[in-house]
Amino acid sequence: MLNILNVVTKDKTYPIYIERGIISKSAEIIKDLYSGKRIGIVSDSNVNGIYGDEFSKDLENAGFEPFTVEVEPGEKSKSLSVYERVCTKLLEGGITRSDMIIALGGGVIGDLAGFAAATLLRGVRFIQVPTSLIAQIDSSVGGKVAVNLEIGKNLIGNFYQPEAVIIDPNVLSTLEDRFFSDGMAEVIKYACIKDRELFEKLEKLNIDSVKECMDYIIMTCCSIKRDIVQIDEKDKGERMLLNFGHTFGHVVEKYFGYSKYTHGEGVGLGMVHMTRKGENMDIVAPGTSDRIQGLLERYNLPVEYPQMESKVVEDTLRLDKKSSSNDINLIMIEAIGKGYIKKIRKNNLKQFI
Ligand SMILES: NC(=O)c1ccc[n+]([C@@H]2O[C@H](COP(=O)([O-])OP(=O)(O)OC[C@H]3O[C@@H](n4cnc5c(N)ncnc54)[C@H](O)[C@@H]3O)[C@@H](O)[C@H]2O)c1
Ligand SMILES: [Zn+2]
């Protein structure tokens, strides 16, 4: 069944289409949005290898003139040098300001192609066709696009909304298990901050049976994100809730050199850590951290918060993007489904470490 969610932002209103098998109907959808011919598809070699040929052929059959710019899979492609190559290839392929770019891939491709679209010729329209779980429930919605610098992630970027998001839950069948689990950590995050019912549903499923319910899960997560983005597109308040588990998650990822823990694993550990600290302070309903831990285990995510030197942790926290000179915004939940922003004096950070 086709589900459509409309995202209304200050500059643009755009649809998110969610349906099993919809990737093969993309050309029809794009016909309604774009009357030109030239389309630059940006993808990585994994996704392009599986879906690229058919996707391009469908566009050609619908009268478009697509060409593909392929990059290596993985976070390394979110760099300024790859960005430059992608922009150059898009221009060489004939993209003008009135043409269309398509991001076909996971969050790396969405962020990279989206940033290229936002900046190339001062802005070319683009469409997100997210293929990983993280991209389908998080990165393709809301307009944050970026590349990384050596000194940190997502430091060069923009807010740039797509023309549409086309989500086919079926393509998740080819996603590696570890990336699926990574995405599940973010699904659990949405449930923790906004949706007790989703949390309870996840408690009844497991890593295999959850795949049957992916339409409902993607729809639920996208509508939570849509609602948050509509209130706070530029990340000044409500949108910070999406960072639940991320502050300490980033600390864990960074402490172990971004090699031991994936992003989702870090987020999972961060969520348990925050709620456990909160329970000790009597600001979180008792038993909440155990329930989150149980859910993470169910979806093959680690739950053992690692030993780290507290001085290094504190120094990392002080540099957190969600902080000002004296305060840091931590995201806490008072119970499952009820997230809120907790402003903490940097001098009082120790109680959370
Ligand atoms: N813009 C935002 O709001 C936002 C939000 C969350 C995450 N992100 C960004 O997203 C990135 C992480 O996203 P990701 O986990 O999707 O990474 P990714 O794009 O690297 O995809 C993960 C892996 O899965 C492969 N893959 C993707 N779809 C597949 C499919 N259907 N079948 C087989 N293989 C497939 C990719 O080739 C890659 O190897 C990070 O860079 C993060 O900063 C951005
Ligand atoms: Zn995240």
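Tyr261 is buried, with a relative accessible area of 11%; buried means under 20%, exposed over 50% and partly exposed in between, with a 1.4 Å probe and protein chains only. The model is predicted, so local features need pLDDT of at least 70 and side-chain atom pairs pLDDT 80 or more, while totals for chains, interfaces and linings use all residues. Residues are numbered from 1 along each chain as written, chains are lettered from A and ligands numbered from 1 in written order, and side-chain values use heavy atoms, without hydrogens and water.

**Around Tyr261**
- The structure holds 5 aromatic pairs (ring centres within 6.5 Å; planes under 30 degrees apart are stacked, over 60 edge-to-face, the rest tilted; for Trp the six-membered ring counts).
- The rings of Phe256 and Tyr261 are edge-to-face, because their centres are 5.4 Å apart and their planes at 70 degrees.
- Phe256 is partly exposed, at 21% relative accessible area.

**Charges over rings**
- The charged end of Lys260 sits over the Phe256 ring, 5.1 Å from its centre (NZ of Lys or CZ of Arg within 6 Å of the ring centre and within 35 degrees of the ring normal).
- Lys211 lies over the face of Phe180, 4.6 Å from the ring centre.

**The zinc site**
- Glu186 (OE), His246 (NE2) and His263 (NE2) coordinate the zinc ion (ligand 2) at 2.0 to 2.1 Å (donors are N, O and S atoms within 2.8 Å of the metal, or 3.2 Å for Na, K and Ca; water is not among the atoms, so sites may look incomplete).
- Glu186 and His246 are both buried.
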